[in-house]
Amino acid sequence: MFKKFKTVAAVIIAGMMISGCALTLPVTATSNAVGMKVGTSKATGYLGILFFGQDASVQKAAKNGGITKISTVDIKHTSILGLLVTYETIVTGD
Amino acid sequence: MRRLLLEIKGWARKSHYNHSGSTDTWLKRWLLLMKSYLDTNQTGRFDSLVSLAATFAVPFLLLCSCVSVKPSTTKSGKKYFETFYVENGTQYFIKPLALSGLGSDGDLLMDFTFRDGQSSTKTAILNLSIYRDEKVASIDSLLIYSESSHFSATTPKLLFHERSKKGFVSRYTAGIGSSDITTLFEGDDWKILIYSQGNPLEYSATKETKKAIATLDEDLFALLQ
């Protein structure tokens with residue numbers, strides 16, 4: 001019986017790992033008007049945990065877009081097979 | 001649990017005997033399916049139920065994990081661009097496109113930001129990162145050309161220099177006519193010519209970038225015209 005449960009649990013976990021999807025979520029919005037600049041920063045993790053010190057911070061995204069007044073911040077999370085995980089910070093502003 | 005299984009089987013049997021083609025419902029079909037599962041293995045009813053649950057649970061979880069709610073600022077689910085709603089229009093951000101350099105020119109990433117609708121401005125923002133062994137101290141001119149067209153950007157301004165694993169990243173920002181972008185994306189064989197302190201640096205679109213340009217032309221620019 002326990003063995004069967006383990007098998008089912010393994011199948012369900014494998015099923016969840018197989019799915020490769022993207023989800024974008026808002027982090028914050030300020031009172032600044034939506035500017036004409038967009039900046040992104042991205043970090044990709046291997047096996048879901050190995051990120052090798054990459055920088056996907058808001059500061060980095062703002063720097064990449066040449067943004068000094070931040071308007072909105074979103075984070076996009078993408079996962080492929082649960083093995084290749086990407087976090088992308090998207091900043092808009094002026 | 002055994003009692004529950006017996007009850008389910010009872011419902012399934014009942015629905016089987018009362019079955020008629022015209023009044024068949026999804027619930028009856030499901031019960032019949034469940035009954036057939038239970039009947040196939042009389043000695044291990046629980047195992048059958050577990051197998052049944054696993055059969056339906058995995059596709060269900062797969063489906064559920066792909067459903068997401070996107071915020072209003074990023075309605076588009078396209079891979080190569082993001083959409084932002086702004087007052088009286090829409091702002092588009094085309095994600096970085098990679099171009100490979102010739103010889104020691106390194107690599108280049110470029111992204112575009114522009115607006116459509118009443119809030120549109122005449123100039124789109126073009127940001128580029130140049131990955132080289134040496135810093136690109138300044139850019140005198142920037143020319144983008146493909147088989148059918150060529151455009152020059154406004155003189156790029158330096159945003160910053162940064163160290164990278166293989167050398168330096170030089171980040172610049174420039175402007176390009178909004179109307180020129182649509183024409184630019186009609187051809188996918190892009191080449192970028194940059195003059196830095198009199199020296200030419202040439203980059204051409206990678207295979208992946210050509211695919212992205214063609215997709216963007218179909219999915220985005222075809223709608224904007």
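How many Å should the 18 residues of helix H5 of chain B span? The legends below take this up under the third view.

This is a predicted model, in which local features need pLDDT of at least 70 and side-chain atom pairs count only at pLDDT 80 or more, while totals for chains, interfaces and linings use all residues. Residues are numbered from 1 along each chain as its sequence is written, and chains are lettered from A and ligands numbered from 1 in the order in which they are written.

**View 1. The sheet of chain A holds four strands in the order E1-E3-E4-E2.** Chain A has two helices and four strands (DSSP runs, numbered from the N terminus: H or I of at least four residues for helices, E of at least two for strands). From the N terminus on, these elements follow the order α-β-β-α-β-β. Strand E1 (21–29) and strand E2 (37–46) of chain A are the edge strands, each pairing on one side only.

**View 2. Strands E2 and E4 of chain A run antiparallel, joined by ten bridges.** Strand E4 covers residues 84–93. A:Ser41 stands opposite A:Thr89 in E4(A). Helix H2 (residues 58–65) of chain A packs on the sheet and touches E2, strand E3 (70–80) and E4 of chain A. Contact here means C-beta atoms, placed from the backbone, within 7 Å. The direction of H2(A) makes about 135° with that of E2(A) (axes are lines fitted to C-alpha atoms, for helices over the stretch in contact, with angles from 0 to 180 degrees between N-to-C directions).

**View 3. Helix H5 of chain B covers residues 207–224.** At 1.5 Å a residue, the 18 residues of H5(B) should span 26 Å, and the end C-alpha atoms are 25 Å apart, which agrees. The expected span is 1.5 Å times one less than the number of residues. B:Thr209, B:Ala212, B:Ile213, B:Leu216 and B:Leu220 of H5(B) are buried (20 or more other C-beta atoms within 10 Å of a residue's own; exposed is 12 or fewer, partly exposed in between; C-beta atoms are placed from the backbone). Among the elements covering these buried residues are strand E1 (81–86), strand E2 (89–101) and strand E10 (199–205) of chain B.

**View 4. B:Leu99 has contacts beyond its neighbours within four places in sequence.** These contacts include B:Leu108, B:Trp190, B:Ile192 and B:Thr209.

Technical notes:
Two residues are in contact if their C-beta atoms, placed from the backbone, lie within 7 Å. Two strands pair if DSSP finds at least two bridges between them.
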